[in-house]
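Visitor: Hello! Could you show me how to read this model, feature by feature?

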Amino acid sequence: MQGINPLDVSQLPDWESGFDSKLTIESRMPYKVYTGILEQSAKDKRDYRLVRLPNNMVVICISDVNAKTAAVSLSVGAGSFANPSDTLGLAHLLEHMLFLGSAKYPEDGGLDAFITNNSGWCNAYTSGASTNYIFDFDNGVLDEALDRISSCFIEPLLRADAIGRETNVVDSEYQSKLTNDYRRQFVLQASLSNPNHPYSRFRTGNCSTLDSSDPESLRKKVVEFYNRYYSADIIKLVVSGNYSLDELTEMAVARFSAVESKGNTSPILSGHPLSENELGKIIRFKTLSDISKIRMAFALPDIRPHMRTQPFKYITWLIDHEGSGSLTQYLRKEGLATDVYAVLDYESVNFAILNITFNATAKGLAHYEQIVSALFAYLHMVAKCGPQKRIHDEIANALKLKYEYYEQTLARNYVLDLSAKAQNIYQAPEHMISCSSLMGDFDPSLISAALELCNSTNYRLLIGAKSHDGVEFSKKEKFYDVPYHVADLPEELTTGLGEDKQLEDNFHLPEANVFFPEDFSIMRQIDARPELDKSVPTLLKYNDSLELWYRQDDKFYLPKGTAMIKIVSPIVNSSPLNRAIFEILSRCWRYIMAEKLYSAKCAGLSYSISDLRSGIAVSINGFSDKLPLLAEQVVKILRHSIIDKSVFNDCMKNAQEQYSQIRLQASYLQAPEWINQLLVVQKWHSIDLEKSLSSITLGMLNSFSHDLFEQAHVKMLVTGNFTEEQALSIASTVQTIVKSQPLPTCQVPQARVVQLDTGYYLLPKTALSPEATQSLAVAYIQLGQKSDTQAKMVAHVLDNLFNMSFYNQLRTLEQLGYSVSARMWGLDKGNLFAKLLVQSESNPIYLSLRITEFLRAYRQTLVDLHASKVTKSAETLVSKRKEKLKTIAGEANRMWNHIKSEDYDYEQIDKEIACLQKITKNDLVQLWDTYINPATAPRYTRIDLHIWPTSARQPSSADLEKYPASILALQRLVKDGLDSELSLEELSAFVTSASKSDDPDNAFDQLMELCGRPQQPSQDELPKDGNNTVDAKIQKIRTGLQMALEGVTNTPSYHKHTSVDFATIGMTQTCEGIWVINDSAKFQSTQELNALLIPATELVPKYDS
């Protein structure tokens, strides 16, 4: 790859002049403030200040008087590229270790607990070039939060007793992605890049690369990494809250000035990941799912100096275009690929990679050279036309519209984005807020130089599919076991490409965009709404054909709006086949819209269509001038499209790929489908829908499309910069196009949710993927009705308090797995549940028992809880509900949720606030004892979903009837940890005998001896760090044995909670009284259904039908 002069920029912006020295008002501490003008949107009402601390840390302070939540993000300019070659994953491990205590706040997990107790959230991720940390929490604790966060950057403990534990967490995170094809492809293409470049190294880390058998030795490496790279000079801090800029500056300077300055410690990288040795190669690799991906990776120089002019944006925008004359349309027409997308990977300091990815069809996979030729023919057309100012201006104008009519996003996402972009050393101080939101002047020389780099000698080709004809895979990637084969690209794919005139004639540049707004006027202002943002729309029409709601914007005063449309049909969910046809039809509609309406997305408009169980939901957002036109075009496509064979084939392929990927998802992602299928009537599982695909024909699809609109009901919301007359006009246009027979209320399909009979149930399933290695247990404990505001608010206060305790106990202390969570969950028109989830390498029976033990122990924690913590939790929830909405679309979504669910409860927030202000600790204890505590709950109702790996042997019905869960769990622990074949009968006899002894350590030693293993250390002698996987498994066996011993004298019994005998429908009851659901449909048929909601608002329209 040769450098191109127009792109070769080495001059850095001036970060010295333009800064004045200042002292903070209260502490009189020094800092420098930027005195120039920070570029920001006129519609952005927040105040900004750019600051440099004495240690060279760059800080952006954001004063937002309307914010109810503070947000903080730090980006450290060192990540996985800095990993030592002998300790891969070290940067990631440090990310996990950093906040486990500091010299000032030594408590392990103290920061997490503080954040959670203040209704906050925190996360972090490690990329190649940086490590990024993000927090949000209640505004009132911002200063203390900054003190706690900064202390971890000033003097973190990086405790040795947590090294093994966190290494296991990192390993669990690695294990959870082993079957993810996207992660597998990413790791493979990195591993086959320049071996002298750190881009080629494994990043995540696991127990092999992070050997914690010697905790002190590994800790030493973590400390060395921290000391070497974590310098104030490469840290970018963003702080946002409802304080003045002076107050925010005071906090930032006081808390972070003590972070040590070590100079610019960002790793210096040489060379490029795609050197001459890696370019010109074709890499074939096997996927686990039925996907076919073709990727062309082009080697680019450092593009960060050009983030204002964005010459490569010109190229990626054209490649991504889906309209007439585009690369996408040609590939679809020829049946070669269904989608094309171009992405710039520019996270490093001195290189970039342009990845152009094709979702190939079977034909495209077999004739991949045609896809490659098509790309180069398209690029040749673009180059031959020369850089076009109108194309540049359309891209620039789209960015400008979004920027000038800025709508505020979630604070934590915003500060994260700013801190990450602040790592660009070529970014001038005045652009620290606007960053790359705007596009600079048209520079044809830069665009031409960028196009020249996209040539046939400067790329490599990757082809991923489940099977490859005639290819022998002799190699495997080390960490994800991906089979691959590398060869030189054939000569016809490296020379002479782009010279096929006949092929090139299929392409042309996009035509002028008719969707760009021209009228930016604002409708006549009306009185502002009350402080609480009730967002109450007006019902204009209500009959068997149309339900129309409307609200004119009275807060944002932007030339924008939102139209929500729901078209209800009685046939879309009547059977798995109908549902599958409907979902294919929806894909076809999106496909057609991509070509005909792509320009709308480039003009400040957006649209989406969703498959609801009762019909189609359409959401249209953006500038109000052309929004009615877009709404009309979308509905016309829905109503009048005739699907052709090529579109049908492509959409069928995409559906098959998606179902294939669902099978490979982590178990915790598969869980919602299983529980929804059990609780919701006619909720078809993806397995049933996948089976139906083979029956669908093109004729059936077009016939279904016609029948879909024979009888339908339209539900609509129009809000934003529209008059009432305009809303009525939009609705009239939609009705005219749909032109359906009315659908009376009694025929409208309703989602019905079961009301579970009292009892404890088990729903065992097998993972859909044969590659799955981890188990899952999810406990769903039924609480009150989701529509019961009091019960729901008490549950949310409880949720705020106990989810971190659950996380700390089961993930941090017991090391059960990476995916651990406890949340309140519910279904509209159904019940609220406490949902406790653990995904782990341990068996699901053991996981359920550990969940039960946590719940048993937590009641006392709840009783001992200081009342002030309950009050604080409730106050934070009140504060969040009082936070003003930030966008027209956000307000529309809030109103639409009430319309769609048919509760029409626009006063819900007021009701929730009133409840929250009265909640006491007694309410939480009462909720716990009424629903969650089996010893006291009058109607204890719980379902445990277990997902087993396909390789694991599940207990038989006879085993479940004969042996308690603790014995079943212990046998699997012994099998997994010691590879012992001890039978259930032998194990049960041993536990019964051992229960007569008062020495648990002696019982454990006897068990080890029975399994043929040497004597193990006692509990007190075990390493406190859980220093490797073997020790973790031994500890689980010890815990499992303890539960089994306790179970002999205190066997749990749930028989008293059983209200129905399900044996008559073939269900098994365990010896402890838990009913095993082996047929969800049969079980569901025995349950009562929850009643439909009664509207909270009287539905009286303003206008007669």
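**A bent helix and its surroundings**

Guide: Let's start with a bend: helix α23 has a kink of about 35° centred on Asn800. The bend at a residue is the angle between axes fitted to the seven residues ending there and the seven starting there. Helices (H or I, at least four residues) and strands (E, at least two) are DSSP runs, numbered from the N terminus. Please keep in mind that this is a predicted model, in which local features need pLDDT of at least 70 and side-chain atom pairs count only at pLDDT 80 or more, while totals for chains, interfaces and linings use all residues. Residues are numbered from 1 along each chain as its sequence is written, and side-chain values use heavy atoms, with hydrogens and water left out.

Visitor: How many residues of α23 are buried?

Guide: Buried means under 20% relative accessible area, exposed over 50%, and partly exposed in between (1.4 Å probe, protein chains only). In α23, 18 of the 25 residues are buried, so the helix is mostly covered. Leu801 is found in this helix, and it counts as buried because its relative accessible area is 9%.

Visitor: Which residues does Leu801 touch?

Guide: Contact means heavy atoms within 4.5 Å. Not counting residues up to four places away in sequence, Leu801 touches Tyr858, Leu865, Lys869, Val870, Ser873 and Leu924. Sequence distance and spatial distance are separate things: Leu801 and Thr116 are 685 residues apart in sequence and 7.5 Å apart in space, C-alpha to C-alpha.

Visitor: Which residues of the largest nonpolar core touch the most other members?

Guide: A nonpolar core is a set of buried Ala, Val, Leu, Ile, Met, Phe, Trp, Tyr and Cys residues joined through side-chain atoms within 4.5 Å. The largest one here has 98 residues, of which Trp589, Val634, Leu638, Leu679 and Met716 touch the most other members. Helix α16 (residues 576-601) gives the most to this core, with 12 residues. A second, separate core has 80 residues, including Leu762 and Cys915.

Visitor: What is the order of the strands in the open sheet?

Guide: Two strands pair if DSSP finds at least two bridges between them. The open sheet has 7 strands in the order β11-β12-β10-β13-β9-β15-β14, with mixed pairing. Its edge strands, β11 (337-345) and β14 (475-476), each pair on one side only. Further in, β9 (residues 281-286) and β13 (residues 459-465) run parallel and are joined by 5 bridges; Ile282 has Leu461 in β13 as its bridge partner.

Visitor: Which helices lie across β11?

Guide: For such angles, axes are lines fitted to C-alpha atoms, for helices over the stretch in contact, and the angles run from 0 to 180 degrees between N-to-C directions. Helix α8 lies across β10, β11 and β12 (352-360), at about 165° to β11. Helix α18 (residues 645-664) lies across β11 and β12, at about 60° to β11. As for cover, 8 of the 10 residues of α8 are buried, among them Phe312, Tyr314 and Trp317.

Visitor: Why is strand β8 described as largely enclosed?

Guide: Strand β8 (residues 235-241) has 7 of its 7 residues buried, so it is largely enclosed by the rest of the structure. Ile235, Leu237, Val239 and Gly241 are on one side, with Lys236, Val238 and Ser240 on the other. β8 pairs with β4 (residues 58-63) in the parallel sense over 6 bridges, and with β5 (residues 69-76) in the antiparallel sense, also over 6 bridges. Val238 is the bridge partner of Ile60 and of Ser73.

Visitor: Where is Gln310, and is it buried or exposed?

Guide: Most residues other than glycine have a negative phi. Gln310 has a positive phi, near 50°. This residue is found in the loop between β10 (293-300) and α8 (311-320), and it is buried, with a relative accessible area of 12%. Lys739 also has a positive phi near 50°, but Lys739 is exposed, with a relative accessible area of 68%.
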